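Open the structure in your viewer and keep the selection panel at hand. This tour goes from stop to stop.

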Amino acid sequence: MSTQIQEQESEQEEQQQGESVPAQQQRRMDQKRERAADEERQRERVESSLDDEDTRTLKVFRYDPEVEGKKDPRFDEFVVPFRKGMTVLDALMWARDHYDSSLTFRHSCRQAICGSDALFVNGSQRLGCKTQLADLQNPVRIEPLPHQEVVKDLVVDMQHFYDQMDAVQPYFNDDDVPDGLEEQRQTRENREKIKMSTRCIWCGACMSSCNIAAGDNEYLGPAAINKAYRFAMDDREGEAMKQERLEILEQENGVWRCQTQFSCTEVCPKDIPLTDHIQELKREAVKNNLKFW
Amino acid sequence: MHEHDVIVVGAGGAGLRAAIAAQEEGADVALVSKLHPVRSHTGAAEGGINAALRDGDSWEDHAYDTMKGSDYLGDAPAIETLCQDSPQETMQLEHWGMAFSRDDDGRVSQRPFGGLSFPRTTYAGAETGHHLLHTMYEQVVKRGIRVYDEHYVMRLAVTDHEDPEERRCRGAVAYDIKTGDINGFVANNGVILATGGPGQVFDHTTNAVANTGDGPAMAYRAGVPLEDMEFIQFHPTTLPSTGVLITEGVRGEGGILYNKDGERFMFEHGYANNVGELASRDVVARAELTEINAGRGFEDDYVLLDMRHLGEERITDRLENIIHLSEDFEGVNPLEEPMPVKPGQHYAMGGVETDENGETCISGLYAAGECACVSVHGANRLGGNALPELIVFGARAGRHAAHREKGESQIKTGPSAKTEDGVVDTPVTPGEVGSPGDDVAADGGALVDAPAGEVVNRAVEQERARVEHLMERDGTNHAEIRADLQETMTANVNVFREEEGLKQALRDIRECRERYQDVAVSDPSHTFNTDLIHTIETRNLIDIAEALTLGALAREEFRGAHWRAEFQERRDEEWLKHTMVAWNDGRPELYYTDVILEGEDKEYEPKVRSY
Amino acid sequence: MAEHYSSFSRHGTGWLLQRLTAVFLIGVLAFHFMLLHFVNHAADVTFMGTQMRMQQLGYFVTMIAFLVTATFHGVNGVYNALVNQGLAGTQRTVVKWSLVAASVALVLQGIRVAFAMTGSPIL
Amino acid sequence: MSQSYDRGLVEDFGRWRDFSAGMWAWVFHKFTGWVLIGYLFTHIAVLSTAIPAAGGDPSIYTNTLQGLEDLLVVRFLEVGLLAVAVFHILNGIRLLFVDLGVGLTAQDKSFYASLVLTGAIVVASIPTFLVGQL
Ligand SMILES: Cc1cc2nc3c(=O)[nH]c(=O)nc-3n(C[C@H](O)[C@H](O)[C@H](O)COP(=O)(O)OP(=O)(O)OC[C@H]3O[C@@H](n4cnc5c(N)ncnc54)[C@H](O)[C@@H]3O)c2cc1C
Ligand code: HEM
Ligand code: SF4
Ligand code: F3S
Ligand code: FES
């Protein structure tokens, strides 16, 4: 918010007022080109400084709907210095800060808890921050999550995933709770039963790995079903709410879509036994239906 | 232009709680957050929530522990509010279905924590923050509260009265990260800042990349003082490559710290002859850094934490998650090799000055959570006291913003609370580059009594110009500036603080500011331009770093987390007071206010803090 | 999103039947294969042999049940597979009824064949 | 401005190299299921020769079947059919267990076991199928 910046702004405007529009355009293009050349030089400089270091090569998917040259997706290569303990996310950040500040990806916590950086790394869905570079084959291919639309570079549109999560009414029914400081009792066993399901960090890796979720976009998907499991199996939850949620799960785009591909379980960075939970809900639903026959 | 009654900026624990509370008061609430709510850093908290729930425990004891932990720099009304409300708020989470760990009788479990006289830390496994965050987000979904996720709030829209206490906050300006649109948000009742910690001021931190202190920086420039910024908690055992926290449990179980010469330095160099590795966080952190600075660290960067002698069985039984953390984030198997560790920034005790309702001196502007300083943590936060702060003061701020019944607050805010001017001898002039005063404090231009929409619109226009300018020109990449800033902060304003170092930091910050004048965004895209966001954040980091360092240089004593080489004692006669830094026409102004030790029915006596 | 899950079709029944028929098929299919490839080599099959087997009531009924369950199991499987790939709307209705028609035809023809095999060409 | 890039479904099949056990099991189960239902239709068609046969000329049926069996291709195809059926059965059993929630952690192993067993059974029965009247 510095007016300092604004001052310069108006100066520039004044300069520009004299010029005709094409000239301005010309100047801007020149600047851009210069900038691009600069980047090229910068790149060479950084790369040659790495000559005698241990390095790794990243092949990163690039796409930007607005930027010339990136409208058609392409792969860029970045050579980054390697040190012990380095993760895929560290490498991406290094590449961004030293080569190309327009390299775009979500990240925040760097400790596998915010779920921002699920990526498609060497052919499988992983969290960038939880994947050691040392465990991967070089060069490392990094792409955005499959089955989701790419917004830019490694950023995908998560809205559909969020919608699916919301569709199972992912909240506790609190109509019938004790007053004040009185707590609802829950046995250890029951808490143990739902424990794994409560660990989900909404990274979307599972959904992206599931071919059914890809083919049929209405399928609730493993994460949402797991979320429903978390409540359906919690003894504290009221009967009516449980019934309602089971009904959602039993819709034709609910649990029955799952074909036990197990990909979700395999990629989940929180080791949630997703297939297990989905299967249990199918049985629960069948039992539930039989009661009504 | 969007219009809501209450705008909550930030959707971590504090923001979500505030939004729910405001909505329950009948307000139309919007959450505006640069991350999707469940990605907030509250999710990283492990330990637990302090609440006096059981027979044999009482809120008074909790308050006493907190006051003592704060090294008597907490305000009693704030601390007592925290401790009184925490049981209620914690139970509220239980009623919302939070997956707390359970005792045999089915009640929520509590465990002992450092500095507490009773085991009152309520927890959910080693992932309490994750559960707290998700439970509250669920309630937000249930209530249908409007969430604008991936919207970066870049400026507050505040009227431009001369005296900050007369200013009104009318809304905020946000940048839609996905589309690049800049939108105004009009707040009919109030804006609540809940933007979390400023950990990215340092280059080694347990905080997320998104924790850039945006809220405090925006409030600061709008005229709200920042309080006690010099008090930063450092954690002694974090992994060097990422800052991931290795719990104290490792040392508790018998883990040993070694330097490069293979010495068990806690004993061999006499840092803690009796308890060794089990000494308190700050002592261990200082010891590690002394070793590293003396050239006895590995790669001049870290020491080793060894737990192999505990045996595989015991480790997998009690510290299993440490094995995963170390392997996943450091590539080291702690059953085979010792883990590298070093101290890292962990928590900021200071922040936006507020009263116990969360309100700042600008009417309609609130703050809650780690970005705020109601002053419950004083000079040092106790483990397990931040999460209750989020829910207690988040709820209060939300309620108050929606429905200003305005219980007269006991804590005074703003310049009128000033009791003493501050003087500090700085090597360079801090504050805005160029002539001061250009950057009008409130950023609202000449608008004083204009309608809300106009104030917001004006702010939107200014932000549009700023963004356009940053994107059009050529110049320095912010990443270099940010890296240099973090480096000097970690070198000079870290665990060790010496006068010369602090002055050097001020010089470096100054230089960063000057270089920032030429900063430019090279990514020309309007779609998900993180380059732009990070560039704006870097400006905020500079402002925060400066306020923090000024406070550290001024405070000539050793209190809580603030250690000064030249002053090795707590000096109550002179320093029992809060540091305030206010952005006054582009120049930081330093002053002090009193600490309130007067409780509801007792007066807290400063004692020697020993455990 | 929620309104999408209007209440009509509960797919649990289809799912359950698919499993139940599978269980039945395990036995029968194995039996069928054993009988017609290992006990009686396929190459040696004659109308006489077939007729002999088919005239036993138990065998006859089993084969009809085999036909019906296999048809249901197979066709329902195909239908599910298509739905999983995103088949929807009118297309789906068309495919559904075509499959039903094909199944009915198959079962009818199968029954005619079966009766023929008993030696009584009634149908 | 907020367009996005939809990579569509095509990529799925391009990624077969990255598939894991559970995914292959799914692919094979599909494939074998389709083959089986296809076969069921043909099978009934062939057997339809029983209708004229019953009308008085049993040799139509016998000749058709034996004529087919005389062709080597058909015998090879039958081996294929056996492989397909055996895999579908074994993996079907695996899936039924998965539905019951039994042995989910060993799902990849049970898939490999189905494959190996299918292979073994098929190899073991080749003599029966191919010999005869070669
Ligand atoms: C590793 C770790 C362990 C911890 N363990 C414990 C513990 O055991 N017990 C305890 O009590 N405390 C603990 N703490 C401290 C506690 O977790 C934090 O203080 C607390 O979570 C902060 O919550 P918050 O709601 O204030 O901020 P955050 O959760 O950080 O949320 C900030 C929000 O603001 C948004 N935001 C930021 N800037 C902007 C902007 N410009 N525009 C829009 N939105 C913005 C973000 O998107 C985010 O939603 C721990 C902290 C860490 C790092
Ligand atoms: C003999 C024992 C059999 C068993 C145990 C069995 C088992 C199964 C199971 C469990 C499924 C469901 C897969 C799923 O929905 O996830 C299935 C699908 C299927 N089965 Fe079978 N089956 C058997 C025989 C047959 C026969 C004889 C046919 C052919 C007529 C057949 C055709 C199919 C088809 C077409 C599918 C759908 C495949 C798909 O999903 O695309 N099956 N089988
Ligand atoms: S279930 Fe696992 S993979 Fe899926 S979103 Fe949650 S954490 Fe990610
Ligand atoms: S990958 Fe998909 S098919 Fe089921 S087991 Fe997982 S949801
Ligand atoms: S950065 Fe948070 S999960 Fe990886």
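**Stop 1: the shell around ligand 4**

Start in chain A, where helix H10 (263–267) and helix H11 (274–292) each supply at least two residues of the shell around ligand 4. Helices here are DSSP runs of H or I with at least four residues, numbered from the N terminus. This is a predicted model: local features need pLDDT of at least 70, side-chain atom pairs count only at pLDDT 80 or more, and totals for chains, interfaces and linings use all residues. Residues are numbered from 1 along each chain as its sequence is written, chains are lettered from A and ligands numbered from 1 in the order in which they are written, and side-chain values use heavy atoms, with hydrogens and water left out.

Now select Cys210(A), Tyr219(A), Cys258(A), Gln259(A) and Cys264(A); of the 13 residues around ligand 4, these come nearest. A residue is near if one of its heavy atoms lies within 4 Å. By class, the shell has eight nonpolar, five polar and no charged residues.

**Stop 2: the iron of ligand 2**

Select His73(C) and His88(D). Their NE2 atoms are the protein donors of the iron atom of ligand 2, 2.0 to 2.1 Å from it. The pair crosses between chains: His73(C) is in helix H3 (residues 57–84) of chain C, and His88(D) is in helix H5 (residues 72–100) of chain D. Donors are N, O and S atoms within 2.8 Å of the metal (3.2 Å for Na, K and Ca). The six donor atoms subtend angles of 80 to 179°, so the arrangement is octahedral; that term requires opposite donors over 155 degrees apart and all others between 65 and 115.

Are these histidines buried or exposed? His73(C) is buried, at 14% relative accessibility, and so is His88(D), at 13%. Buried means under 20% relative accessible area, exposed over 50%, partly exposed in between (1.4 Å probe, protein chains only).

**Stop 3: aromatic rings in chain D**

Select Trp24(D), Phe28(D), Phe87(D), Phe111(D) and Tyr112(D), which ring pairs link into a cluster. Rings pair if their centres lie within 6.5 Å; planes under 30 degrees apart count as stacked, over 60 as edge-to-face and the rest as tilted. Phe111(D) is buried, at 2% relative accessibility. Phe28(D) is partly exposed, at 30%.

**Stop 4: charges over rings in chain B**

Select Arg381(B). Arg381(B) lies over the face of Tyr347(B), 4.3 Å from the ring centre. Go on to Lys577(B), whose charged end sits over the ring of Trp575(B), 4.6 Å from its centre. The criterion is NZ of Lys or CZ of Arg within 6 Å of the ring centre and within 35 degrees of the ring normal.

Notes
Tetrahedral: all angles 85-135°; square planar, octahedral: opposite > 155°, others 65-115°. Nonpolar A, V, L, I, M, F, W, Y, C, P; charged D, E, K, R; others polar. Phe/Tyr/Trp six-rings, centres within 6.5 Å; stacked < 30°, edge-to-face > 60°.
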